[in-house]
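Here is a short tour of one structure. Look at the chains below, then read on for strands, helices, domains and contacts.

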Amino acid sequence: MLSTFLSHQRKSFWRSRNKGGSIATQIIIGFFMLYFLVVAVGIGFGMTIFLPKIFPNQNVMTSFNGIILYYFAFDFLMRLQLQDIPTLSIIPYLHLKIPKRKIINFLNAKALFSAFNIWPFFLFFPFIFIEIWSVDGALVALMYIIAILSIMVFNNYFVLYLKRKSITNVLFTLVGLAIVGIFAALEYYKVISIMVASNYVFSEMADKPYLGLVFPVIASVIFILNSNYLRRNLYVEELGSKQEKKVSTDYAFLNRFGKAGELAALELKLILRHKRPRYSVFMGLFFLLYGYLFYKAPFIAADSFSKMIFAAIFMTGFSVLSYGQFMFAWQSSHFDGLLINKIDFKDYIKGKFLLFTIMCTITTILASFYGFLSPKLLLLHLAAYLYNIGFCTVLVLYLATFNYKRIDITRSASFNFQGMGATQWILMIPFILIPYLIYLPFGYLNRPYLGLMTIAFFGLIMLFMRGYWVNYIAKRLELQRYKIAEGFRE
Amino acid sequence: MILEVKNLQKVYGDKTVVNIEDLQIAAGETVGLVGNNGAGKTTFFRMLLDLIRPTNGEVLSKGENVMQNDNWKNYTASFLDEGFLIDYLTPEEYFIFIGSLHDLSVADVSAYLNQYGEFFNGEILNSGKYIRDFSKGNQNKVGIAAALMQKPEILILDEPFANLDPTTQIRLKKLLKEQTGNMTTFISSHDLNHVTDVCNRIILVEKGQVIKDFKTDENTLKELESYFSA
């Protein structure tokens, strides 16, 4: 049965309509994976040499024990953003004579095929075989292996469980985000340390190896939890039989913007009522944590904005970018309807600008809590905000007129590559490069604030030119309308 | 002439899907487009509505080329398929949105919808569902009612009778007949009975070309039946 499922999967991949796009994405992802694997092998074998150099004041075992949980904390965050929910479109199989158990087993087995589940082998096992085996003996080494594999399995299914839950419940996502944020803050302010905790856990285990059996128990618990959730929701979620009363809503605050406001309200409903666009907008909230990685005290003290500008622009503009990269295609199912109705292209584009400005403003306001680290960051965010609403919005909408790929927004939410094309990759390059190009000369001359001002000024000029851009993009859309509509109809 | 089609062609690869040399439709006519699958009916309608670019020729609406400006949208309403519906809205939201494009207030829209209680059969309004959750037949009703609400001078419907229950088919025929005179209607249908009943002119197409174009009378249905059974 498993092999039949696998062969169907393979067929659905090779016979899909936008095969070209998905193969290209797979190849790019494949290269990244290969690169990281090579790095992992290098680190794994080099660990006996690296560890004493990085942590000169402590013994190698303490360092090794310390990094394990650290690694898995990062692993968890990375998985949260990158790991796929394995989907086999199960609807065609549900009514057939296939026990549910088998379908769930397949989904669970498929979930293990992830690069995240290969890295620990290369990272940790060499050290375990080289060092621990010879010092502490085979039993301890075996326990280390069991513990590490168990945490890996735990992360694997816990992330999937969270993802499956969070799709159905936005509140869940927000709570999870808050918890991760609190831990990041505690680590940042040195209130707690994952390293110390990790060392404690694993040195205890090295002393009393039987303690290591706790890990597989925890992993099994989450595995069972995940399977049970799947079993219960195998139809409820996928077949959408959850019937709740839908109500009409009216966003009064958008009414003052006339026709453009109504179109923005229409799109706001689109975002809130579909999984995939909602997910891509709310991803922006996850990226609000980027600041913790990039805003280091020495950078802030030295005004070296060049090292932080990427994070600032990414945080304030991510929702625009992640939603905007598929622009117009979100409406592919009713694009014909928009064309034949009395909608002016200019109003249509203005509505998009309005929506982007609102999204950007909200994320910028949320990101302003970094002002507690230093008020300088608020200036940085202001510059990034103006750059985003002035320039990024124009860029996104301009490139949207080249996007002819249909998206079925009712399909699965996360990490869905349908509708991906060259446009999405091209989008990233100017988005990141331009602020650097503007800032760099000022950075070299040691005039960081002048650099920020220039970025902000650039954004402002583009903002004042918005009328011009609206006309320009509306013209382009008018030219491209047949091509876009045709692509969306497929 | 409210609608004129001149030398209209659509070619995909080496296949000519639509090829209509000259077609004139006068204001107030109710025209039925009849033809088998693949005759080019939908493609033709899409060109009337400026959704696809003709390979050659032009469509003039009140003398203006539909490709060149948007004036025709002020007096043309249409429903071809579900692609015209914004399916994540409730029907009320959709009607209000379409109404707002024609400067109708929320009150205007609800007053208008009140007349359609019978047509909707109590299933559409206040149902607590999004349009996408309705059956195809009910989605059709929403699309047709939204089109009629715009009080258009030109109405274009693609297979309006498909997927409708018998009661609604009869009600729709009544609605369309009542509107005749002040509105130019252009519908396509596979149902010869309905189309001869509603329309006063029939255009028969095959492989993209107009084969017959005539006024309906008592013999029309027989003629069409014999044509299609041949």
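B:V5 stands opposite B:V59 in β4(B). This is a predicted model: local features need pLDDT of at least 70, side-chain atom pairs count only at pLDDT 80 or more, and totals for chains, interfaces and linings use all residues. Residues are numbered from 1 along each chain as its sequence is written, and chains are lettered from A and ligands numbered from 1 in the order in which they are written.

Five bridges join β1 (residues 3-12) of chain B to β4 (residues 56-61) of chain B, and the two strands run antiparallel. Strands (E, at least two residues) and helices (H or I, at least four) are DSSP runs, numbered from the N terminus. Two strands pair if DSSP finds at least two bridges between them. In β4(B), B:E58 is the bridge partner of B:K6.

β1(B) also pairs with β2(B), in the antiparallel sense, over nine bridges. There B:L8 stands opposite B:I20 of β2(B). The hairpin of β1(B) and β2(B) has two residues between the strands, and B:G13 takes a positive phi near 65 degrees in it.

Together these strands belong to an open sheet of four, in the order β2-β1-β4-β5 (chain B), with antiparallel pairing. β2 (15-25) and β5 (64-65) of chain B stand at the edges with a single partner strand each, so one side of each has no neighbour in the sheet. Strands of a sheet pair through backbone hydrogen bonds, either parallel or antiparallel.

**The six-stranded sheet of chain B**

Another open sheet has six strands in the order β6-β7-β8-β3-β9-β10 (chain B), and its pairing is mixed. Its edge strands are β6 (76-79) and β10 (209-215) of chain B, each pairing on one side only. On average, neighbouring strands of this sheet are turned by 15 degrees against each other, direction ignored. β7(B) and β8 (residues 184-188) of chain B pair in the parallel sense over five bridges. B:L155 stands opposite B:T185 in β8(B).

**A helix across both sheets**

Where does helix α1 (residues 41-48) of chain B lie? This helix lies across β1, β2 and β4 of chain B, running at about 60 degrees to β2(B). α1(B) also lies across β3 (30-34), β7, β8 and β9 (201-206) of chain B, at about 150 degrees to β7(B). Angles run from 0 to 180 degrees between N-to-C directions, and axes are lines fitted to C-alpha atoms, for helices over the stretch in contact.

In chain B, the contact between the domains takes eleven residues from domain 1 and eight residues from domain 2. Two residues are in contact if their C-beta atoms, placed from the backbone, lie within 7 Å. On the domain 1 side, β7 (154-158) and α6 (166-179) of chain B each supply at least two residues. α6(B) gives the largest share of that side, four residues. The domain 1 side divides into seven nonpolar, two polar and two charged residues. Here Ala, Val, Leu, Ile, Met, Phe, Trp, Tyr, Cys and Pro count as nonpolar, Asp, Glu, Lys and Arg as charged, and the others, Gly among them, as polar.

**Between the chains**

The contact takes 22 residues from chain A and 25 residues from chain B. Helix α2 (residues 91-101) of chain B gives the largest share of the chain B side, six residues. That side has twelve nonpolar, seven polar and six charged residues.

**Helix packing in chain A**

Helices α18 (residues 345-367) and α22 (residues 466-489) of chain A pack at about 120 degrees, with their axes 9 Å apart. The contact uses, among others, A:F345, A:I349 and A:F353 of α18(A) and A:V470, A:I473 and A:L477 of α22(A). Its residues divide into seven nonpolar, one polar and four charged.

Helices α16 (residues 309-324) and α19 (residues 376-400) of chain A pack at about 35 degrees, with their axes 9 Å apart. Their contact includes A:I313 and A:V320 of α16(A) and A:Y385 and A:V396 of α19(A). By class, this contact has twelve nonpolar, six polar and no charged residues.
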